[in-house]
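This report describes selected local features of one protein model. Please consult the sequence and the structure shown below while reading.

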Amino acid sequence: MSQNLLVVIGTGALPELQMSAACRSLAKEFGAVLLEEGCGLAPHPLLRELTSEISASKALTLLRLSGDAGVDESGEGSWLEALAAWRIPVLMLAQPRADGRFAGIVPASVAFARALNLSLLGLVQLGGEWDVPARRTDGLPWCGCLHGPDDDPRGLISCLQHRQEVLARAEAAGSV
């Protein structure tokens, strides 16, 4: 698993500008380098290049993927399959509906990630009001909210760093 590469994907169709702004905010809070690519690129060559370029670096690189990471756009497998194979940590962004609930694509994306044994750090709500009791009861791995009235990037970053450490320990122990 690459400890200095984090990939951010959307669950469902997210507005590009909002997703890009969220990734810029995350990169700033992490002190990370931000790269943005589309899911139409073949994943394995890009991951090979990225992991070799950043392997000696101490800085985190945050890769935002736009498009549907679960679809094989390049003819060489989907991004989700490649990220699972490479054991690259992934963060999913999800946008609530107008009524504050989430579309079925959000739990479906988490289920698909789990089926692939993806190194999923968790979900981040993109916009809207953060409903703590609802997020606790929906059984999904929420980390926090960005670009909403209850935006707390410090808590979100702390959650993500903790989950990265847990994944790294599990990987080192061979249990992932």
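In which loop is asparagine 117 found? Asparagine 117 is found in the loop between helix H4 (105-115) and S5; helices (H or I, at least four residues) and strands (E, at least two) are DSSP runs, numbered from the N terminus.

The model is predicted: local features need pLDDT of at least 70, side-chain atom pairs count only at pLDDT 80 or more, and totals for chains, interfaces and linings use all residues. Residues are numbered from 1 along each chain as its sequence is written, and side-chain values use heavy atoms, with hydrogens and water left out.

**Loop residues**

Asparagine 117 has a positive phi, near 60°, in a residue other than glycine. Arginine 87, likewise not a glycine, has a positive phi of about 55° and lies in the loop between H3 and strand S4 (90-94). Glycine 31 is placed in the loop between helix H1 (16-30) and strand S2 (33-38). Its C-alpha atom is separated by 7.6 Å from that of alanine 59, 28 residues apart along the chain. Glycine 128 occupies the loop between strand S5 (120-126) and helix H5 (132-137). From glycine 128 to isoleucine 9, 119 residues apart in sequence, the C-alpha to C-alpha distance is 18 Å.

| Residue | Relative accessible area | Class |
|---|---|---|
| Asparagine 117 | 42% | partly exposed |
| Arginine 87 | 12% | buried |
| Glycine 31 | 54% | exposed |
| Glycine 128 | 34% | partly exposed |

**Cysteines**

How many disulfides does the structure hold? The structure holds 0 disulfides, a disulfide being a pair of cysteine sulfur atoms within 2.5 Å. Cysteine 23 is in no disulfide, and the nearest cysteine sulfur, that of cysteine 39, is 12 Å away. Cysteine 23 is buried, at 0% relative accessibility. The sulfur of cysteine 143 is 3.4 Å from the closest cysteine sulfur, in cysteine 159, and is therefore too far for a bond. Cysteine 143 is also buried, with a relative accessible area of 9%.

**Charged surface**

Asp68, Asp72, Glu73, Glu76 and Glu81 form a negative surface patch. Patches are made of residues with over 30% relative accessible area and no salt bridge, like charges being joined within 9 Å. Aspartate 68 lies in the loop between strand S3 (61-66) and helix H3 (79-86), and aspartate 68 is partly exposed, with a relative accessible area of 44%.

Note on methods. Patches are made of residues with over 30% relative accessible area and no salt bridge: like charges are joined within 9 Å, nonpolar side chains (Val, Leu, Ile, Met, Phe, Trp, Tyr) within 5 Å. Accessible areas come from the Shrake-Rupley method with a 1.4 Å probe; for residues, only the protein chains shown count as cover. A salt bridge is a side-chain nitrogen of Lys or Arg within 4 Å of a carboxyl oxygen of Asp or Glu. Lys and Arg count as positive and Asp and Glu as negative; His and the chain ends are not counted. The place of a charge is taken as NZ of Lys, CZ of Arg, CG of Asp or CD of Glu. Buried means under 20% relative accessible area, exposed over 50%, partly exposed in between (1.4 Å probe, protein chains only).
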